Amino acid sequence: MTQQRKAMKQILDKIKAYDTIIVSRHVRPDGDAIGSSRGLAAMLRLSFPEKKIYVQSEDSSDYLAFLGPDDAPVPDSVYSEALLIVTDTATLERISNTRYALAKEIVKIDHHINRDPYGSVYWVEDLRSSACEMIAYFYKTFKKELKLDKEAATYIFTGMVTDSGRFRYEATTGDTLRLAGMLLDFGIDIDTLYAHLYLEEYDQLKFQAYVLQNMQITPNGLVHLHVDKAMQEQFHLTSEQASEAISYLKYIKGCISQLAFIDMPDGTIRVRLRSRFMEINELAEKYNGGGHQFTCGATLYDPADIEKMLNDGDAMVGEFKRTHKGWL
C-alpha cells in the first residue's frame, strides 16, 4: 500500500470511528478552501447520515457568498468528542477556527508544501492542483463507501476550477481533468456557476483598467502594483476584490513573476505572488509567507519592506533569466 493510500484509508477509518465531525479551512478563504470544506462535509452527510457534521469557520468570502453560509457556531462542548478535519490549510495558525485545539483529534488534508505536518493523520500532496482535487480523488478511491450528489460535486468542482485557473496552471494534469469530468457527470450547472465566478461589477472593470495603466515593471521584468487604501476607496473595493489585482498582471511576455501588495484593514500589507517557469515560494517564505512553488502569499508589517521585497524579487528574476532558457 502506498503512503498516499495508507493516509487516505486512515482518514476514512477516523471518519467512521467518530459520531461528530467538524470541518474547517484557512482564513481569507478562496474557492478551494470553501469548496473542499463544504464539499467534504456534504459528501460525509450523504454517506453517513447518522453522524453530526459541521462546517466551522470564523470568516467568509463575499465573492463566494453564492455558495451559501457555513454552519452556525457550535458550543465548545461539541469539540471534546469530535474529529476535526482541516482542508487546504498549510499551518495551524492559518486555520479559520481558533477553537481547533478543543477537538479530540485533528486530520489535515492539504495540497501545499508540508512545512507544518500537524494532526494525528495528515494527507498532503503538494503536486495536486487543489485540495478539492484531493477530495474528488478521495471519493473516487472509496466510491463503494461514499456518496456524492450535484450539490457536493458543485462545491468540489468550484475549488478545482478556481485553484487551477480554469485548468490552465502548471499543476493541472490528466488526472485533474478526469476527476473534473467525473464531477460534471453529476449535473453541475456550469453556466450559472461560471456567471457567479467570472462576471465583473462595473467598478471592478474600471479597477482592472487602472491596474493595467499603473502597474510597474522592475529592470529584470518583475511586474508589480501596490493597491493602497486610497485606490481601494476610489474603486469601492473590498480587500478581497483588491487582491484580484494579481490576476491582471500575469499575462505580460518577459515578466515571469508578479507581485501585488494590498493594504489590509489591520494595517498589514498582504502580498500575492505569482510566477511562471521560476519558483517564487522562497521569496514568500522570506517575508512571513509560503505556499506553492509558483503561487503563494506573504505578509508585510512595514511599508518599507515593499521596496526590499521588490529588490529581492527582481534579483531572483534576473538570476533565473541569466541561467535558464525557454522562459517567455
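Analyst: The account below begins with the aromatic cluster and then turns to the charged side chains and a pocket.

The model is predicted, so local features need pLDDT of at least 70 and side-chain atom pairs count only at pLDDT 80 or more, whereas totals for chains, interfaces and linings use all residues. Residues are numbered from 1 along each chain as its sequence is written, and side-chain values use heavy atoms, with hydrogens and water left out.

The structure holds eight aromatic pairs. A pair requires rings of Phe, Tyr or Trp (its six-membered ring) with centres within 6.5 Å; planes under 30 degrees apart count as stacked, over 60 as edge-to-face and the rest as tilted. In one of these pairs, the ring centres of F207 and F235 are 5.7 Å apart and the planes stand at 55°, so the pair is tilted. F207 belongs to helix α8 (residues 202-214) and F235 to the loop between α9 (229-234) and α10 (239-242), so the contact ties together parts that are 28 residues apart in sequence. Helices here are DSSP runs (H or I, at least four residues) and strands likewise (E, at least two), numbered from the N terminus.

F207 is buried, at a relative accessible area of 0%, and F235 is buried at 6%. Buried means under 20% relative accessible area, exposed over 50%, and partly exposed in between (1.4 Å probe, protein chains only). F235 also pairs with Y210: their ring centres lie 5.2 Å apart with planes at 55°, so this pair too is tilted. Y210 lies in helix α8 and F235 in the loop between α9 and α10, so the parts tied together are 25 residues apart in sequence. Y210 is partly exposed, with a relative accessible area of 25%. Together, F207, Y210, F235 and Y248 form one aromatic cluster.

Charged side chains also meet aromatic rings. The charged end of R38 sits over the ring of Y155, 5.5 Å from its centre, and R128 lies over the face of Y137 at 4.5 Å from the ring centre. Such a contact requires NZ of Lys or CZ of Arg within 6 Å of the ring centre and within 35 degrees of the ring normal. R38 is also linked with R25, D59 and D70 in a network of salt bridges.

Across the whole structure, 18 salt bridges are found, each defined as a side-chain nitrogen of Lys or Arg within 4 Å of a carboxyl oxygen of Asp or Glu. K16 and E145 form one, with the closest N and O atoms 2.2 Å apart. This pair links distant parts of the chain, 129 residues apart: K16 is in helix α1 (residues 3-17), and E145 is in the loop between α4 (131-141) and α5 (150-163). K16 is partly exposed, at 36% relative accessible area, and E145 is likewise partly exposed at 36%.

A salt bridge also joins K286 and D312 (2.9 Å, N to O). K286 in helix α11 (residues 281-286) and D312 in helix α12 (residues 305-323) are 26 residues apart. K286 is exposed at 55% relative accessibility, whereas D312 is partly exposed at 24%.

Finally, the lining of the second largest pocket includes R168, E170, K250, R274 and R276. Its residues divide into four nonpolar, three polar and five charged.

Key: 1 Å grid on protein atoms, 1.4 Å probe; cavity = no way out; pocket = protein on both sides within 12 Å on 5 of 7 lines; lining within 4 Å. Nonpolar A, V, L, I, M, F, W, Y, C, P; charged D, E, K, R; others polar.
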